[in-house]
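Hi everyone, thanks for coming.

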Amino acid sequence: MTIHQLSIFMENRSGTLIKVLDALKEAQIQIVASTIADTADYGIYRLICSEPLRAYEELQKKGIAVALSSVLALELDNEPGRAADAVKTFSEAGINIVYMYTFLLNGKGILVFRTDNRPKAIEVILNNKLKYIAEEDLSKF
């Protein structure tokens, strides 16, 4: 039901992103999805990749500030409104989405998110029979 996500804390200046990308390239680790949230001084680069545990180790070896966390992920039909429907399910259960991002993988929408109440979110996923994704599922697409 969960997938590992890397969060890399970077200064908002030229050259910091390429250091991360080059480290993953050298390690032959495939990026599946990524997003950057930034402020004037720093950014958080969140990414899903083919080998998150190894990526975490490789980035640490390079002195890159990285955190590994588990996030929830849902598979959605690639149709307008499916993300809205999923988020509404959590909202109606009183669960706040802290952050989320989406991407397409082999014709399916993937919604990655973190909530303020993970146990209740898992309960909502199971009770509503939402199609969730585990890390090993990413290789099946």
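Let's begin with helix α1, residues 16–26, where T16, V20, A23 and L24 are buried; buried here means under 20% relative accessible area, exposed over 50% and partly exposed in between, with a 1.4 Å probe and protein chains only. Those four sit on the same side of α1, because they cover an arc of only 95° around the axis, taken from the directions from the helix axis to the C-beta atoms. Helices (H or I, at least four residues) and strands (E, at least two) are DSSP runs, numbered from the N terminus.

A word on the source: this is a predicted model, where local features need pLDDT of at least 70 and side-chain atom pairs count only at pLDDT 80 or more, while totals for chains, interfaces and linings use all residues. Residues are numbered from 1 along each chain as its sequence is written, and side-chain values use heavy atoms, with hydrogens and water left out.

Back to α1. What do its buried residues pack against? The partners are β1 (2–11), β2 (31–38), β3 (42–49) and α2 (52–61), with contact meaning heavy atoms within 4.5 Å. On the face turned away from that buried side you'll find the exposed K25 and E26.

Then comes Q30, in the loop between α1 and β2. Q30 counts as exposed, at 54% relative accessibility. Setting aside neighbours within four places in sequence, Q30 touches C49 and S50. The C-alpha atoms of Q30 and C49 are 5.6 Å apart, although 19 residues separate them along the chain.

Now the rings. F90 and F113 form a tilted aromatic pair, 5.0 Å centre to centre with 50° between the planes. The rule pairs rings of Phe, Tyr and Trp (its six-membered ring) if their centres lie within 6.5 Å; planes under 30 degrees apart count as stacked, over 60 as edge-to-face and the rest as tilted. F90 belongs to helix α3 (residues 82–92) and F113 to strand β6 (residues 108–115), so the pair ties together parts 23 residues apart in sequence. Buried or exposed, which is F90? F90 counts as buried, at 1% relative accessibility, and F113 is buried too, at 0%.
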